[in-house]
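Have a look at the model first, and then we can walk through it together.

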Amino acid sequence: MEKRVLIVHFSQSGQLHDVVRSVAAALEASDAIEVTHELLRPQSDYPFPWPFFRFFDTFPETVHADPEPILPLSDACRARYDLVILAYQVWFLSPAQPITAFLDSPEAPGLLRDTPVITLIACRNMWLMAQETMKQRLEALGARLIDNIVLTDPALSGLTFFSTPMWVLTGNKGPWLGGLIPEAGVTPTDIARASRFGDAIARQLPHREAGDSGPMLAGLGAVTVNEKLIASERIAIRSFRIWGSLLRLLGKPGSPLRRLVLVVYILFLVTMILTVVPVTALLKALFKPLLRERIAAQRRYYSAPSGEDFSLAAAAK
Ligand SMILES: Cc1cc2nc3c(=O)[nH]c(=O)nc-3n(C[C@H](O)[C@H](O)[C@H](O)COP(=O)(O)O)c2cc1C
C-alpha cells in the first residue's frame, strides 16, 4: 500500500519552497509514496521586503506565539498520513508566524497525533530556540518528531547579521562591498544537496513499521549545531520574551506608544548583538577545553533526533 506524506510549507522569497522541492523530488518520483502539499496562506500577506518598523514590530507576537491568522486549511489536512514534513523558517528565534498558526489550527491535533513528523528549517543560522518551541508544540499535539533537517546561511555569523536583514528589508540578497559580504541565504548547492534527505526517506518509508519512531536521516548531516551561538540564543530569546510582553501591553502592532518603545528596544538589540554575541562566542572559545563534556552534551541534545554525523552524506548524491 502507498505511504502518504503531507508537506506543510510557506515561504516569502521562495527559498523554503526551493528546499522543499529538493527534498520532495525523490518522494514524488516514488511509486510507493503519495505526496500532498499544503501551502499556508496568511489571511493578509506579510510584506516582502519588510518595511523597517513592520519587521521589528512583528517580534512580540512571533515570540509569544500569537500569529496573524491563516486562511482555512485544505481538506487534505483532515486526513491521516504516514509522515508529515513541517517546513518552516525562523522569525526572531521562534517558529515563523504561519507555521505557528498552522499548529494552532483545529486540524493540527487530528493530523499530527501519533504521526511521525520531520521538521525542515531554512534560516540564517539561529534556529535552536525555535526548534525547542517546535518540539514542545509537537509533544503537546502528540506528534512523534523523528528527524530535523536544518539548512543555514554558511557565511560568517557576523556577516549574516548584515546580509540577512539587508535581504529581508530590501529584497536584495547581495553580495555587498565587492563580494566581501556574500549573498544572503542558503546556497543553491546546499539546496540541491538537500535531495539526499528525500532519497533516504523514499528508500526507507515504504518499508517502515507504523510505530517506528527512529530517525531516517542519521549520518546524513541533517543538522550542524553552532555551539558558539547557544548562549546568545538563550539570552536573546529571554530578552525577546520580556520586551515582547512589555510591547504587547503598550498596544497593538503599529500603535504609536509601542512604536516609540520599539525604537528604544531596537537600539538595545543592536547593542546586544554587537556585544553579547561576540563576547559569549569568545568566552565559549576560551573555556572550550574546560567545557568539552558540557558542549558535547549540548550538541547531542540540540542535534537530536537526526544527529550531526555526516559520514553518509558524501556517499549520497
Ligand atoms: C521577521 C524575520 C525574522 C527572522 N529572524 C530570524 C532568526 O531569528 N534566526 C534566523 O536564523 N533567521 C531569521 N530570519 C530569516 C528567515 O528564517 C528566513 O531565512 C528568511 O526570511 C527567508 O525565508 P523565506 O523562505 O520565507 O523567504 C528572519 C526573517 C524574518 C523575515
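How many helices and strands does the protein have? This predicted model holds 12 helices and 7 strands. The radius of gyration is 20 Å, close to the 20 Å given by the globule rule for 317 residues, so the protein is as compact as a globular protein of that length. Along the principal axes, the C-alpha trace spans about 60 × 50 × 40 Å.

Now to the inside. Of the 317 residues, 39% are buried. Among contacts with a separation of 6 or more, 80% are between residues 24 or more positions apart. The largest nonpolar core contains 75 residues, and Val 19, Val 84, Ala 87 and Leu 120 have the most contacts inside it. At least three residues of this core come from domain 1 (3-225 + 299-303), and at least three from domain 2 (230-295). In general, nonpolar side chains in soluble globular proteins tend to be buried together.

Leaving aside residues up to four places away in sequence, Ala 87 touches Ile 7, Val 8, His 9, Leu 16, Val 19, Val 20 and Leu 120.

Leu 16 also leads us to the ligand: along with Ser 11, Ser 13, Cys 123 and Arg 124, Leu 16 comes nearest among the 21 residues around it. By class, the shell divides as follows.

| Class | Residues in the shell around the ligand |
|---|---|
| Nonpolar | 12 residues |
| Polar | 8 residues |

Conventions
Residues numbered from 1 in each chain as written. Predicted model: local features only at pLDDT ≥ 70, side-chain atom pairs only at ≥ 80, totals over all residues. Near = placed C-beta within 6 Å. Nonpolar A, V, L, I, M, F, W, Y, C, P; charged D, E, K, R; others polar. Helix = DSSP H or I, 4+ residues; strand = E, 2+ residues; numbered from the N terminus. Rg over C-alpha atoms; globule rule 2.2 N^0.38 Å. Buried ≥ 20, exposed ≤ 12 C-beta atoms within 10 Å, placed from the backbone. Contact = placed C-beta atoms within 7 Å. Core = buried A, V, L, I, M, F, W, Y, C linked by C-beta atoms within 7 Å. Domains from an automatic or database assignment.
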